[in-house]
Amino acid sequence: PFDTVKVRVQIAEAGVYNGYADCATKLFKKEGITGFYRGIAAPTIGAGAENAVCFAGYGCGLRLYDWVHNTNSAKDPIPQQTIFAGLSLIHISEPTRLLSISYAVFCLKKKKRHI
């Protein structure tokens with residue numbers, strides 16, 4: 001819900017909203033409570049994909065460590081598996097965040113031109 005309000009304020013033409021509270025009030029009056037959850041499917045699916053990649057990376061790190069050191073680290077996880085999980089996740093999460101931030105900056109620049 002907070003992200004919905006933030007995005008609407010970012011992409012709205014200058015003067016449409018007088019801040020986040022104004023946007024939330026107008027959104028609730030116009031679309032009801034369901035308006036806050038519009039478009040939530042894409043981030044939810046994206047978060048699921050990120051978690052799947054993170055756990056897969058962790059599992060691969062576990063197996064790789066066991067293979068290299070001939071151990072069974074599933075009983076005693078070590079930081080290397082966590083690092084492997086993070087490195088596998090960063091290839092998906094960071095480009096997505098970069099696109100999101102770039103779009104927000106584009107909208108802000110567009111707003112400034114109209115002021």
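Hi everyone, let me start inside helix H3, where Glu50, Gly57, Gly59, Gly61, Leu62 and Asp66 are buried, with buried meaning under 20% relative accessible area, exposed over 50% and partly exposed in between (1.4 Å probe, protein chains only). Before I go on, a word on the source: this is a predicted model, where local features need pLDDT of at least 70 and side-chain atom pairs count only at pLDDT 80 or more, while totals for chains, interfaces and linings use all residues. Residues are numbered from 1 along each chain as its sequence is written, and side-chain values use heavy atoms, with hydrogens and water left out.

Back to H3. This helix covers residues 41-69, and its 29 residues reach 42 Å from the first C-alpha to the last, close to the 42 Å expected at 1.5 Å a residue; that expected span is 1.5 Å times one less than the number of residues.

Now the whole chain. There are four helices and zero strands, taken as DSSP runs numbered from the N terminus (helices: H or I, at least four residues; strands: E, at least two). Of the 115 residues, 22% count as buried.

Leaving aside neighbours within four places in sequence, Phe36 is in contact (heavy atoms within 4.5 Å) with Pro1, Thr4, Val5, Ala24, Leu27 and Phe28.

Pro1 comes up again with Ile33: the two are 32 residues apart in sequence and 9.3 Å apart in space, C-alpha to C-alpha. Ile33 sits in the loop between helix H2 (20-31) and H3. Is Ile33 buried or exposed? Exposed, because its relative accessibility is 52%.

Last, the largest pocket. Its lining has 25 residues, and Asp3, Lys6, Val7, Pro43 and Ser100 lie nearest the centre. Helices H1 (2-11), H3 and H4 (79-114) are the elements that give two or more residues to this lining, and H1 gives the most, with seven. A pocket here is an open set of points on a 1 Å grid over the protein atoms alone, where a 1.4 Å probe fits, with protein on both sides within 12 Å along at least five of seven lines; lining residues have an atom within 4 Å of a point.
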